[in-house]
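Student: I have a model open and would like to talk it through with you. Could we take it piece by piece?

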Amino acid sequence: MKNIRLGMTEITVPQNAFGALPIQRVTTDEAVSLLRNAYDGGMRFFDTARAYSDSEEKVGKAFEGMRDKVFISSKTGATTKEKFEEDLNTTLTNLKTDYLDIYQLHCAAKCYTEEDDIYNCLVEAKKQGKIRHIGITAHKIGVAEDIVNSGLYETLQFPFSYLASDRDIALVNLCKERDMGFIAMKGLSGGLLTNSRACMAFMSQYDALPIWGIQRQSELDEWLSFFENEVTMTDELKTVIDKDRNELLGEFCRGCGYCMPCTVGITINQCARMSQMVRRAPSQNWLTDYWQQEMLKIDSCVDCGICKTRCPYELDIPNLLKKNLADYKEILAGKPV
Ligand code: SF4
Ligand code: SF4
């Protein structure tokens, strides 16, 4: 397994890291077991966030007494000094530590600079030793480019998978040029990509640290297996990637859920990508009475547009939902998938 150096932070870890968002959905015992097994299997970098409910507490419990053996990053969505301090103190308490390796502004709407209080809070926290490095996460490519060009951050976390555009790839290369660490979120593109070997092979071509979102031991086992059997790009995997890129590129929903809640209760993060899910997972899982009822809620969309203002990918959500519903109805009527 190749090691990744996160630019000027000098943090160097195997290119196989743990994204701790999904452990919110399992019990504390299950989460602690997953995290320790990840460590035992070779993972050294763990990414969490104040916004992931009890994820930080679970990470804190798993690594109590061995803080110096792992690297932990967390995030804050704060926009004021007071909230920043409250979040950072809560995070340190949850993680049972007195420092974070990287503290990131979460889902930044713009590149915050020295003119913004929130950036100065990061600088101050670093001076106090509460955080070792200053990071930021973004979903919009223009914002991400501004961040890298600003020279103010040590790491950038950005969505990166084998559906990446040339501009996304240029961003990763620009980070390398600027000696900035690149942390890759959504390496499975929100669950759309299912071939972990192809995802790992793609990632191995770049200076990017993937934080795979892991909820089950079976998922962890797949990622850990790459420590034993290193994956590199092959013609067979290139074929898998090319096929998926042909099917999935363009305007598609990544399932992140930032657009929610919907005014009328539509489960946007699943319904807006039903056409892909129904063709990729076992179809039957998405054709149940439950999902039929959920999809029919799309008819009640009042076109308020609130969801569109929240989508980091600037998708035309009401129309995307309508397209997915039309396709879904045809599938229910017998169209082959
Ligand atoms: S535009 Fe439709 S889908 Fe979006 S929040 Fe409003 S009602 Fe929900
Ligand atoms: S519509 Fe946009 S914000 Fe909503 S789940 Fe999909 S990608 Fe995320």
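## Strands, helices and ligand shells

Tutor: Gladly! Keep in mind that this is a predicted model.

Student: Which residue of strand 10 does Ile183 stand opposite?

Tutor: Between them the chain passes through helix 7 (residues 196–203), making a right-handed β-α-β crossover. Across this pairing, the residue opposite Ile183 is Leu209.

Student: Strand 10 also pairs with strand 3. Which residue there stands opposite Trp212?

Tutor: Strand 3 (residues 17–19) runs parallel to strand 10, and 3 bridges join them. The residue opposite Trp212 is Phe18.

Student: Let's turn to strand 6. How many of its residues are buried?

Tutor: Strand 6 pairs in the parallel sense with strand 5 (residues 71–76) over 4 bridges, and with strand 7 over 5 bridges. Ser73 stands opposite Ile102 in strand 6, and Gln104 stands opposite Gly135 in strand 7. Strand 6 is largely enclosed by the rest of the structure, because its buried residues number 6 of the 6.

Student: What is the handedness of the crossover from strand 6 to strand 7?

Tutor: Strand 5, helix 3 and strand 6 make a right-handed β-α-β unit. From strand 6 the chain then goes through helix 4 to strand 7, and this β-α-β crossover is right-handed.

Student: Within what arc do the buried residues of helix 4 fall?

Tutor: The buried residues of helix 4 (residues 117–127) are Cys121, Leu122 and Ala125. They line one face of the helix, because seen down its axis they fall within an arc of 100 degrees.

Student: And what do those buried residues pack against?

Tutor: Helix 4 lies on the path from strand 6 to strand 7. Its buried residues pack against helix 3 (81–94), strand 6 (100–105) and strand 7 (131–137).

Student: Which residue just after helix 4 takes a positive phi?

Tutor: Helix 4 spans residues 117–127, and the place to look is just after it. With a phi of about 85 degrees, the residue is Gly129.

Student: Is Leu237 buried, partly exposed or exposed?

Tutor: Leu237 sits in helix 9 (residues 235–248) and touches Arg197, Ala198 and Ala201, leaving out residues up to four places away in sequence. Ala198 is 39 residues away in sequence, yet the two C-alpha atoms are 5.5 Å apart. A residue needs 20 or more other C-beta atoms within 10 Å to be buried. Leu237 has 19, so Leu237 is partly exposed.

Student: Now the ligands. Which element gives the largest share of the shell around ligand 1?

Tutor: Of the 15 residues around ligand 1, those that come nearest are Cys262, Thr263, Cys301, Cys304 and Cys307. The elements giving two or more residues to this shell are helix 13 (306–310) and helix 14 (317–332). The largest share, 3 residues, comes from helix 14.

Student: How many residues around ligand 2 are nonpolar?

Tutor: There are 14 residues around ligand 2, and Cys253, Cys256, Cys259, Asn269 and Cys311 come nearest. By class, 3 are polar, 1 is charged, and the nonpolar ones number 10.

Terms used: Residues are numbered from 1 along each chain as its sequence is written. Chains are lettered from A and ligands numbered from 1 in the order in which they are written. This is a predicted model: local features need pLDDT of at least 70, side-chain atom pairs count only at pLDDT 80 or more; totals for chains, interfaces and linings use all residues. Two strands pair if DSSP finds at least two bridges between them. A crossover is right-handed if, with the strands pointing away from the viewer, the path from the first strand over the helix to the second runs clockwise. A residue is near a molecule or strand if its C-beta atom, placed from the backbone, lies within 6 Å of it. Ala, Val, Leu, Ile, Met, Phe, Trp, Tyr, Cys and Pro count as nonpolar, Asp, Glu, Lys and Arg as charged, and the others, Gly among them, as polar. A residue is buried if 20 or more other C-beta atoms lie within 10 Å of its own, exposed if 12 or fewer, and partly exposed in between; C-beta atoms are placed from the backbone. The arc is that of the directions from the helix axis to the C-beta atoms. Two residues are in contact if their C-beta atoms, placed from the backbone, lie within 7 Å.
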